[in-house]
Amino acid sequence: MKKLLLISWLIIVAFSGAAGATEQVKSQQVSVVDAWLRVAPNKVAGGFFEIINDSDEDLNIVSAVAVGAKTVELHSHKMTNGVMKMRKQEFVHLPAKSSLSFNPHSYHLMMFKLDNDLFNVGKFVHVVLTLSDGSEVEVKFLVKKFGA
Ligand SMILES: [Cu+2]
C-alpha cells in the first residue's frame, strides 16, 4: 500500500504539472493507479483501474468522459443464477480511506462509439472521472491488446 500511495502521489504531481491553465477543481485526495483499457471485437472498450480515496469523506464516482469515445458508462458485473451480467450504474460508491478495484470481473468503465485511431494498442486515452463533491480526477488509460 505504501508503494501504491507513492505511485499515486507521483501521478498527482505529474498531472498538476501538466494541467496549468485549466480551472477545473482537481480532487486532492482521490487518485487512480494502473489504468488500462481494451477494445473488444464489438468495438466497445472496457476500462479498468484502481481508485484510492484518501480523504475522510465518502464519495461517489458519478460520471466519466473519455477523449475519443462518444459515451462512457459506469458498469458492474454481477453473477446472477450462474450468469455474468453487466449493469449500468448511476454511480459507484467510494468509502472514505479505501480503495476500489475496477477490473474485468467487477466494476468497469464501458466506452462506446470510439474514434478508432485514438484507441490503438500502446496509446493512452485521456479520461476524466467526476466525483460527487464536484471534483475531477484525470486519468490516462493505456490501451492494451484484447486478450492480453
Ligand atoms: Cu460493461
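Biologist: Which residue in β10 is the bridge partner of Trp 36?
Modeller: Leu 142 of β10 is the bridge partner of Trp 36. This is a predicted model, where local features need pLDDT of at least 70, side-chain atom pairs count only at pLDDT 80 or more, and totals for chains, interfaces and linings use all residues. Numbering starts from 1 along each chain as its sequence is written.

Biologist: In which sense do β1 and β10 pair?
Modeller: Strand β1 (residues 30–39) and strand β10 (residues 136–144) pair in the parallel sense, over three bridges. Strands are DSSP runs (E, at least two residues) numbered from the N terminus, and two of them pair if DSSP finds at least two bridges between them.

Biologist: And how many bridges join β9 and β10?
Modeller: Seven, in the antiparallel sense, with β9 spanning residues 124–131. Leu 129 stands opposite Val 137 of β10. The two strands form a hairpin with four residues between them, and Gly 134 in that turn has a positive phi of about 90 degrees.

Biologist: Where else is phi positive, in a residue that is not a glycine?
Modeller: Asn 81 has a phi of about 50 degrees, in the loop between β4 and β5. Lys 113, in strand β8, has a positive phi near 55 degrees.

Biologist: Is Asn 81 buried or exposed?
Modeller: Asn 81 counts as exposed because it has 5 C-beta neighbours inside 10 Å. Lys 113, with 10, counts as exposed too. The cut-offs, for C-beta atoms placed from the backbone, are 20 or more others within 10 Å for buried, 12 or fewer for exposed, and partly exposed in between.

Biologist: Which residues have the most contacts inside the largest nonpolar core?
Modeller: Phe 49, Ile 51, Val 127, Leu 129 and Val 139, in a core of 29 residues. Such a core joins buried Ala, Val, Leu, Ile, Met, Phe, Trp, Tyr and Cys through C-beta atoms within 7 Å.
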